[in-house]
Amino acid sequence: MNYAAIKPVDIANGPGVRVSLFVSGCTHHCKGCFQPETWNFDYGQPFTPQTQEEILGYLAPDYVQGLTLLGGEPMEPQNQAGLLPLLRAVKTRLPEKSIWCFTGYTLDKDILPGKLGDRAVTQELLSYLDVLVDGEFVEALKNLSLRFRGSSNQRLIDVPKTLAAGEIVLWQDWQTEKGK
């Protein structure tokens with residue numbers, strides 16, 4: 001697996017201060033994509049054990065709330081297996097950190113039915129996620145006022161609650177919980 005970039009301090013892709021990993025490779029090719037260079041699976045640098053340790057170091061401070069996976073496309077079968085060691089390490093060494101993942105695939109139509117490669121790998125990867133932002137970016141539905149997503153078709157899914165309930169449960173933002 002290759003990656004395009006690591007942002008050690010990111011406040012745009014999930015709540016609080018986060019570390020964001022932009023993986024390389026995406027087959028969606030959404031019109032208006034903000035990073036089309038990441039469509040190429042060979043773009044960027046190889047993700048190595050040293051890269052993983054670098055990310056874990058960025059995640060260590062108390063002020064960092066968690067890790068966000070973006071792309072490219074983290075849920076491409078070629079990227080899922082490459083991300084598993086990182087997610088296992090985060091949940092083992094820093095279990096208080098949340099993990100968000102942005103994907104152009106949809107949870108109920110693509111991911112849960114096992115359409116993305118090795119089903120066991122996909123299920124394990126999902127088990128580590130707290131929030132999945134799903135759905136392709138649709139330029140005609142672009143809305144800059146939405147929190148943590150670019151177009152109105154995209155959903156912020158609470159993965160643990162969804163897996164427990166057997167139906168899509170949307171993530172509740174602290175702002176909406178308090179009526180703000």
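You're looking at a predicted model, where local features need pLDDT of at least 70, side-chain atom pairs count only at pLDDT 80 or more, and totals for chains, interfaces and linings use all residues. Residues are numbered from 1 along each chain as its sequence is written, and side-chain values use heavy atoms, with hydrogens and water left out. Helices (H or I, at least four residues) and strands (E, at least two) are DSSP runs, numbered from the N terminus.

- Seven strands make an open, mixed sheet, in the order 3-1-2-4-5-6-7; two strands count as paired if DSSP finds at least two bridges between them.
- Strand 3 (45-46) and strand 7 (155-158) sit at the edges with a single partner strand each, so one side of each has no neighbour in the sheet.
- Strand 1 (residues 2-10) runs antiparallel to strand 2 (residues 17-23), with five bridges between them, and Tyr-3 stands opposite Val-23 in strand 2.
- Helix 1 (residues 49-59) packs on the sheet and touches strand 1, strand 2, strand 3 and strand 4 (64-70), its direction making about 15° with that of strand 1. Contact here means heavy atoms within 4.5 Å, while axes are lines fitted to C-alpha atoms, for helices over the stretch in contact, with angles from 0 to 180 degrees between N-to-C directions.
- Helix 2 (residues 77-93) also packs on the sheet, against strand 2, strand 4 and strand 5 (98-102), and its direction makes about 175° with that of strand 4.
- Strand 4 and strand 5 are a parallel pair with four bridges; Gly-66 stands opposite Ser-98 in strand 5.
- Five of the five residues of strand 5 are buried, so the strand is largely enclosed by the rest of the structure. Buried means under 20% relative accessible area, exposed over 50%, and partly exposed in between (1.4 Å probe, protein chains only).
- Both faces of strand 5 are covered, with Ser-98, Trp-100 and Phe-102 buried on one side and Ile-99 and Cys-101 buried on the other.

**Nonpolar cores**

- A nonpolar core is a set of buried Ala, Val, Leu, Ile, Met, Phe, Trp, Tyr and Cys residues joined through side-chain atoms within 4.5 Å.
- The largest core has 34 residues, and Leu-21, Ile-55, Leu-59, Leu-67 and Leu-129 touch the most other members.
- Elements giving two or more residues to this core include helix 3 (107-111) and helix 4 (119-128), but helix 2 gives the most, with six residues.
- Leu-129 touches Leu-87, Ile-99, Cys-101, Val-159 and Pro-160, leaving aside residues up to four places away in sequence.
- There's a second, separate core of nine residues, with Trp-100, Val-131, Val-133 and Leu-156 among them.

**Helix on helix**

- The axes of helix 2 and helix 4 come within 10 Å and cross at roughly 35°.
- That crossing of helix 2 and helix 4 is left-handed, the label for a near helix turned anticlockwise from the far one by less than a right angle, with right-handed used if clockwise.
- From helix 2, residues including Leu-83, Leu-84 and Leu-87 take part, and from helix 4, residues including Val-121, Leu-125 and Tyr-128.
- By class, the contact of helix 2 with helix 4 holds seven nonpolar, two polar and three charged residues. Ala, Val, Leu, Ile, Met, Phe, Trp, Tyr, Cys and Pro count as nonpolar, Asp, Glu, Lys and Arg as charged, and the others, Gly among them, as polar.
- The axes of helix 1 and helix 2 come within 10 Å and cross at roughly 35°, and this crossing is right-handed.

- Most residues other than glycine have a negative phi, and most peptide bonds are trans.
- The peptide bond from Gly-71 to Gly-72 is cis, with omega near 20°; Gly-72 is in the loop between strand 4 and helix 2.
- His-29 has a positive phi of about 50° although it is not a glycine, and at 44% relative accessibility His-29 counts as partly exposed.
- Phe-148 has a positive phi of about 60°, in the loop between strand 6 (131-134) and strand 7, and counts as buried at 11% relative accessibility.
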